[in-house]
Amino acid sequence: MINVEEWAEIRRVHLAEGMGVKAIARELRVARNTVRSALRSDDAPKYERQGPGSAVDAFEPAIRRLLAVTPDMPATVIAERIGWTRGITVLRDRVAELRPAFQVPEAFGRTEYKPGELCQWDLWFPDYAIPVGHGQTAVLPALVGVPCYSRWLLARMIGSKESADVLGGHLELLVELGAVPRMGVYDGEPAISVRRGKRLIYTDDYLRLKGTLGMGSIVLAKGHPERKGVVERHNGYLETSFMPGRTFADRDDFNTQLGDWLEHKANVRVHSGLRCRPSERIDEDLAAMMVLPPLLPDMDWHHDLRLPADHWVRHQTNDYSVHPRAVGRRVHVRVDDARVTVTLGTEVVASHERVLASHVTLTDPAHDRAREAARALAGAPRPVDTGEVEIRDLAVYDELGGAA
């Protein structure tokens with residue numbers, strides 16, 4: 001085997017000086033085949049020392065036999081079966097290297113959707129910091145839904161990824177649609193479900209929503225975005241066709257512009273996959289869906305607490321003032337998409353516009369005045385106790401009792 005210097009010289013004299021194979025072999029005293037190999041190779045030769053091998057090498061045939069029968073067998077079980085007594089890391093690395101050869105790749109064919117059957121849902125995060133007041137901006141999520149048969153696009157920016165906002169926005173879009181698809185398709189959004197090992201557990205709030213609507217659900221495992229490709233493609237469509245060149249004053253302005261674009265552009269353009277407009281299919285899609293129930297579920301955020309002397313309540317990172325007369329009493333806090341409301345029994349003791357900025361304190365001027373009045377009353381001078389007790393004329397009691 002020649003070294004790098006010999007390889008470089010062979011190629012130099014051949015390419016630069018036009019020397020033939022025989023002449024190079026004679027000049028450099030190497031075999032002709034060596035010269036030919038050097039001229040055919042564009043990569044410089046390098047010396048590679050043969051590795052000492054791994055302790056796993058002797059066990060590899062046994063590992064292959066186990067994976068051939070059970071491709072998803074954990075490395076810890078394989079270690080037990082083959083009698084492995086050394087560190088698990090090196091074995092786990094080899095199993096991870098071998099496992100793909102025994103797993104059958106999952107294939108996905110084209111799917112034909114029936115009217116009213118499926119609607120795919122996803123959270124889309126526009127690459128734009130929305131002004132949220134108090135000198136702050138935030139990247140807020142938008143909930144996107146697409147009935148698969150008609151490809152009718154639904155979208156609305158919500159206040160956060162918290163359960164009440166996600167599920168409240170979900171319900172608002174279904175009300176806007178005017179019907180309920182028979183099945184919803186989701187990814188692993190915490191507002192919808194969590195996984196405990198291989199077990200899927202729906203959240204109580206989502207179960208309340210789907211149970212009231214009578215809607216089924218499919219939650220996809222991680223690593224399979226192609227199964228939700230309809231809504232994923234629409235997310236990309238929003239990024240490339242709605243967002244460029246736009247500015248937004250606040251979240252309401254974003255939703256106003258988005259709603260106008262959906263109505264006059266997205267849902268009336270010719271869809272490349274359908275070869276028709278979503279607006280031409282939506283009526284058939286809606287007719288096959290379920291009707292909305294007469295009483296919709298309440299997806300707002302609720303919390304009961306005893307109001308402390310510091311008469312503010314906190315939602316997320318913001319504090320909202322409450323009338324001081326509720327101090328020490330149990331109040332109910334309700335937060336919807338737009339307002340924060342606090343009630344004492346049936347009496348409203350606070351009502352604030354919800355703030356999407358962070359670490360903000362909101363105080364109602366009426367609550368400030370009530371607090372100052374209470375302080376002034378507490379600080380007013382009290383009558384001096386002289387220790388004397390008034391003695392009332394007994395005739396006064398005769399008059400009150402009606403005695404003659």
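Gly229, Val230, Val231, His234, Asn235, Tyr237, Leu238 and Phe242 are buried in helix 9, where buried means under 20% relative accessible area with a 1.4 Å probe, protein chains only. Helices here are DSSP runs of H or I with at least four residues, strands are runs of E with at least two, and both are numbered from the N terminus. The model is predicted, so local features need pLDDT of at least 70 and side-chain atom pairs count only at pLDDT 80 or more, while totals for chains, interfaces and linings use all residues. Residues are numbered from 1 along each chain as its sequence is written, and side-chain values use heavy atoms, with hydrogens and water left out.

The cover over the buried residues of helix 9 includes strand 1 (118-124), strand 4 (142-147) and helix 10 (251-266).

Another buried position is Ile63, with a relative accessible area of 0%. Ile63 lies in helix 4 (residues 60-69). Beyond its neighbours within four places in sequence, Ile63 is in contact (heavy atoms within 4.5 Å) with Val56, Ile78, Ile82, Leu91, Val95 and Leu98. The C-alpha atoms of Ile63 and Arg81 are separated by 9.0 Å, and these residues are 18 apart along the chain.

A pair of helices can be considered next. Two packed helices are described by the angle and the distance between their axes. The axes of helix 2 (residues 21-28) and helix 3 (residues 32-40), which are lines fitted to C-alpha atoms over the stretch in contact, with angles from 0 to 180 degrees between N-to-C directions, come within 9 Å and cross at roughly 115°. Val21, Lys22, Ile24 and Ala25 of helix 2 make the contact with Arg32, Val35, Arg36 and Leu39 of helix 3.

Note on methods. Buried < 20%, exposed > 50% of the residue type's maximum accessible area, 1.4 Å probe, protein only.
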